[in-house]
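Colleague: Thanks for sitting down with me. Could we go through how some of the labels on this chain were reached?

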Amino acid sequence: MKKIISYISVALCLLSFNACDSSFLDRASKDELSEEGLWKTADDAVQAVNALYHSNREYYNQIVIYGFLDDFTDCSYQSFATGMTTGSYPTNAAFFLNPWITFYKGIYRANTAIKKLPDMNIDEGLKNRCLGEAYFFRGYFYFKLWDLFGGVPLYDYPMPPADAYKPRATEQEVYEFIVEDMDKAFSLLAPRYTGSDVGRATKWAALSMRGKAHLWAKQYALAAADFKKVMDESGSTLNPDYYSLFHVEGNNCPEIIFDVQYYEQSGQGLAVNVTWGTQSGAFSGQQRCRPTNELVNAFEMKDGTPFDFKNFKNAEGGTFNPDNAADWNDESSVRALFEDRDPRLQASVIVPWSTYVGAGDKTFIYRYPADNTQADQLKLAWMGNYVWRKFLPAGTKNNTIYNQVPQNLPLIRLADVMLMYAEAQNEAASPDQSVYDALNSVRRRAGVAEVTATLTKDQMREKIRHERMVELCAEGIRYSDIRRWKIAKDVVDKVWMKSFIGASIRQRGFPDNFYLWPIPQAEIDQNPALEQNPGWNS
């Protein structure tokens with residue numbers, strides 16, 4: 001995959017009339033830029049599709065600062081106030097415009113490849129792979145637009161700026177377009193790649209994305225069928241160690257179906273050190289993205305029973321009160337809160353009295369209250385708060401370039417597919433044995449007790465949603481989940497972000513119109529055919 005990345009800087013300026021222009025839908029003429037000298041060789045074809053991977057990486061680089069958007073959910077929080085955390089944001093914000101530009105830039109590149117590749121005199125196998133990647137990414141970018149904005153203009157050809165005045169397609173039309181693209185991608189792509197091509201989209205990535213489109217459209221039987229085929233035939237297996245999935249040692253493991261590939265070069269790594277990290281890390285972190293109390297308290301006991309502060313004692317022998325700062329002052333009482341919990345908790349979050357290997361490969365302790373007389377005291381920007389461990393590099397290995405880590409970002413992994421299968425099958429039929437098998441495979445790998453076959457359909461729905469919250473936290477999936485389930489307002493709106501000692505920090509907001517992002521005002525100003533999403537006109 002490193003070869004994919006190495007071609008990108010060339011591809012950016014060669015393969016799109018606007019690839020080096022941040023104003024993708026700028027209607028100014030670019031006719032003087034010719035493509036006559038391109039699309040001749042196999043190398044041209046490879047560079048074309050490599051540029052698609054760049055568009056995807058560009059998007060995730062934009063949102064890492066927001067916990068891949070999980071900061072706007074009940075599992076993570078943005079430390080600094082933004083309109084997305086408080087519930088008020090203008091339609092002309094760059095926050096909305098930048099993804100729109102990035103995705104349509106990628107769609108233009110994909111459409112150009114789909115138009116040019118069939119006439120190229122190159123190896124048929126390579127041509128099919130490149131076409132498959134172009135169809136995959138076009139469908140993938142439209143999926144992201146659909147998820148965030150709803151119905152959007154559909155283009156199946158390289159759109160000249162003068163033609164960028166289409167109205168929005170319906171959500172159903174976008175869904176059908178995505179499914180058609182993933183059908184084509186599935187038929188053209190290989191099941192896996194080796195060597196420098198590891199990291200390219202495979203047929204299983206396409207089938208997983210088709211299943212996601214069906215699931216988002218509530219076509220549950222179709223979704224379940226796609227996910228089951230991935231589970232049964234892809235050869236993917238759950239990684240035995242949950243922690244390593246989100247660190248360099250887990251890159252390209254058999255659980256990963258599709259990811260964003262990063263490597264240790266300035267500007268090409270995953271930027272988590274500063275935005276998510278501690279001040280005791282290899283680079284002083286802002287702890288900008290913080291796990292919520294709601295997430296930490298959602299992790300069950302190992303035996304599968306819910307965690308409840310009422311089951312724990314403080315230093316005086318009374319019931320532990322998390323809103324009483326004094327109860328957090330006793331080390332043994334606090335340690336007890338995090339013992340015998342779902343192991344994914346401490347694999348994901350740095351909790352009080354746990355350790356973290358930071359600068360100089362030194363082991364630091366998260367003492368609370370802080371004891372700065374101790375050289376190994378973990379130093380934080382925000383004491384009294386939980387800290388992400390997931391994706392946060394430990395020590396100095398693979399952590400030598402400022403804010404750049406060669407840690408790949410999983411976008412589709414087998415555990416996610418298993419839980420989506422369980423959800424789809426439960427909704428399509430009932431909590432049959434296959435639903436329990438999928439759910440319990442994920443829990444068994446985590447080291448938490450399996451769910452017994454006694455749940456109603458409604459109870460299973462809630463169990464699956466809970467499992468997705470803890471299994472997939474900080475991966476940017478929760479934001480889509482709570483919006484498609486229509487529970488975001490319930491779990492976010494008017495909820496106070498608090499330190500774990502109960503101190504209120506900021507009230508969160510999620511008004512009804514936040515279920516869809518606004519069409520960027522700059523695009524509406526240029527294209528009068530675009531109608532704004534409900535609630536964003538004022």
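Modeller: Gladly! Let's start with P520, which sits in the loop between β10 (504–507) and α19 (521–526). Keep in mind that this is a predicted model.

Colleague: Why is P520 called buried?

Modeller: Buried means under 20% relative accessible area. P520 has a relative accessible area of 1%, so it is buried.

Colleague: Which residues does P520 touch, not counting those up to four places away in sequence?

Modeller: P520 touches T91, F96, L97, W100 and F149.

Colleague: And how far is P520 from S441?

Modeller: Their C-alpha atoms are separated by 42 Å, and the two residues are 79 places apart along the chain. S441 belongs to α15, where it is one of the buried residues.

Colleague: How do you know that the length of α15 agrees with what a helix should span?

Modeller: Helix α15 covers residues 433–446, and at 1.5 Å a residue its 14 residues should span 20 Å. The end C-alpha atoms of α15 are 20 Å apart, so the two agree.

Colleague: What makes α15 largely enclosed?

Modeller: 10 of its 14 residues are buried, so the rest of the structure largely encloses α15. Among the buried ones are Y436, L439 and R443. Their cover includes α9 (220–233), α13 (344–348), β8 (409–413), α14 (414–428) and α16 (457–471).

Colleague: What follows α15?

Modeller: G447, with a positive phi near 95°.

Colleague: Which residues touch the most other members of the largest nonpolar core?

Modeller: F136 and W328, in a core of 161 residues. Helix α6 (residues 124–149) gives the most to this core, with 15 residues.

Technical notes: Residues numbered from 1 in each chain as written. Predicted model: local features only at pLDDT ≥ 70, side-chain atom pairs only at ≥ 80, totals over all residues. Heavy atoms only, no water. Helix = DSSP H or I, 4+ residues; strand = E, 2+ residues; numbered from the N terminus. Expected span 1.5 Å × (residues − 1). Buried < 20%, exposed > 50% of the residue type's maximum accessible area, 1.4 Å probe, protein only. Contact = heavy atoms within 4.5 Å. Core = buried A, V, L, I, M, F, W, Y, C linked by side-chain atoms within 4.5 Å.
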